Amino acid sequence: MPTQNLANKRIIVGISGGIAAYKAAELVRRLKQHEADVRVVMTAAAQQFITPLTLQALSGNPVHTALLNTEAEAAMGHIELARWADAMLIAPASANCIARVAQGQGDDLLTTLVLALKAPLALAPAMNQAMWLDEATHDNVQLLVRRGIALFGPAEGSQACGDTGPGRMLEADELAERLAGLFNTGSMAGLRVTITAGPTREAIDPVRFISNHSSGKMGYALAEAAVEAGALTTLISGPVALPPPPKVSMVQVRSALEMHDASIAAAARCDVFIATAAVADYRPKTVANQKIKKSGEAMVLELERNPDIITAVAKLKPAPYCVGFAAETEKVVEHARSKLQQKGLNLIFANDVANAGIGFNSEENQVTLISAEETLTLEQAPKQKLARVLINEIAKRLCH
Ligand code: CTP
């Protein structure tokens, strides 16, 4: 199962008391390498084997150790933490920890979290072979498996106590792979995607600017769909009234030049670049330092061309897979196809903005997918639903 599935996933690693707790450090490191967001919860016994400081440094997050710690609860309470998680893995899960989870106890933070958790839970048992083979442990494990809790291991082999037999915790790499297997494979798992969205503002003076009516909805919906598909997503956005989508790296910009610079920086290390922004094609040649005062005369504004952002990205070597949008009012496919060629794109989605029910500022959209080889009109849909369709259409073409 590909570990790319872990990208963007929020994982709680629960550590109970046992000598294998030291291996949890390596596990947290692996999960971070696979771009998961990790929070660690330790029992009191676990802290006898490994320090919270080590896990804090490796996870990049504060470590949660106590249920009734007002300071920690204020930052992220146990219910919030349970809601936050996409999955929880207890590694190592000691015999005592397994027994407490099986009984539904909630006498410390780790077991309380398990009770509050809605996301999938997995256990990586680690204990002496005789304890693993004990009937009570066996019954507890059976009960948990029947409840749908995933069991990762244990492996057989030589043990810290000198015995040989079942009870060794699986290695970090294998645990990371098993954990990844709990998630469905997203069509963009592990890929880096950059999306531009919204309008740009071109300053005339300190209080005035030239802009357009773009709401940013399509770009934001695409960013959400990309995250859902497992992509590491960067959203470069002009000023809009939308909240930043969860799990997205936001870059807020104003002018086309700022959007251009942010795009070039992000595109140099991304796999897919999607330009939905309605970039102002022109900017005032000079920006007045002070507010311009009106006079009796007509006013003339001299404008100069802004760079074409996606054209510049498509010229990078190596260039990401470039996807543009074309808003047209006539000869939609013909104009979009010539933009595809002129801008050097892999794909362009064209929409007819003369149709009032779709496009700018509306909730629904309908687009035609155009590449060098094909023209495919997709069904009209709300922007969020369409975004998922478009992300999948892009993903399909990346594989070929
Ligand atoms: N685009 C861009 N940088 C610009 C202008 C446009 O990256 N300076 C991108 C848009 O985000 C979109 C595509 O290019 O993905 C097409 O933009 P559009 O405004 O429809 O086309 P223009 O090239 O501006 O052509 P025209 O305004 O003449 O229709």
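Visitor: Which residues come nearest to the ligand?
Guide: Among the 14 residues around the ligand, Ala-275, Ala-277, Ile-310, Phe-325 and Lys-343 come nearest. A residue counts as near when one of its heavy atoms lies within 4 Å of the molecule. This is a predicted model, in which local features need pLDDT of at least 70 and side-chain atom pairs count only at pLDDT 80 or more, while totals for chains, interfaces and linings use all residues. Residues are numbered from 1 along each chain as its sequence is written, and side-chain values use heavy atoms, with hydrogens and water left out.

Visitor: Thanks! Which polar backbone atom is 2.6 Å from an oxygen atom of the ligand?
Guide: That one belongs to Ala-275. A nitrogen atom of the ligand is 2.9 Å from a polar backbone atom of Ile-309. On the side-chain side, an N or O atom of Lys-339 is 2.9 Å from a ligand oxygen. A polar contact here is a pair of N or O atoms within 3.5 Å; within protein, one must be able to donate a hydrogen and the other to accept it, and residues adjacent in sequence count only if both atoms are side-chain atoms.

Visitor: And how much of the ligand does the protein cover?
Guide: On its own the ligand has 570 Å² of accessible area, and the protein covers 76% of that. Accessible areas come from the Shrake-Rupley method with a 1.4 Å probe; for residues, only the protein chains shown count as cover.

Visitor: Which element gives the largest share of the shell around the ligand?
Guide: β16, with four residues. The elements giving two or more residues to the shell are α13 (309-314), β16 (321-328) and α14 (332-343). Helices (H or I, at least four residues) and strands (E, at least two) are DSSP runs, numbered from the N terminus.

Visitor: On to pockets. Which pocket is the space taken by the ligand?
Guide: The largest pocket, with a volume of about 890 Å³. A pocket is an open set of points, on a 1 Å grid over the protein atoms alone, where a 1.4 Å probe fits, with protein on both sides within 12 Å along at least five of seven lines; lining residues have an atom within 4 Å of a point. A molecule sits in a pocket if more than half of its atoms lie within 2 Å of its grid points. Grid points are joined across faces, edges and corners, and a volume is the space filled by probe spheres set on the points.

Visitor: What lines it, by class?
Guide: The lining of the largest pocket has 17 nonpolar, 17 polar and seven charged residues. β16 again has the largest share, four residues.

Visitor: How about the second largest pocket, what volume does that have?
Guide: About 330 Å³. Of its 19 lining residues, Ile-19, Ala-20, Ala-126, Met-127 and Ala-160 are the closest to its centre. α1 (21-33) and β7 (164-168) each supply at least two residues of that lining.

Visitor: New topic: where is the cis peptide bond with omega about 0 degrees?
Guide: It joins Ala-91 and Pro-92, and Pro-92 is in strand β3 (residues 87-93). A cis bond also joins Gly-153 and Pro-154, with omega about 5 degrees. Pro-154 lies in the loop between β5 (150-151) and β6 (155-158).

Conventions: Ala, Val, Leu, Ile, Met, Phe, Trp, Tyr, Cys and Pro count as nonpolar, Asp, Glu, Lys and Arg as charged, and the others, Gly among them, as polar.
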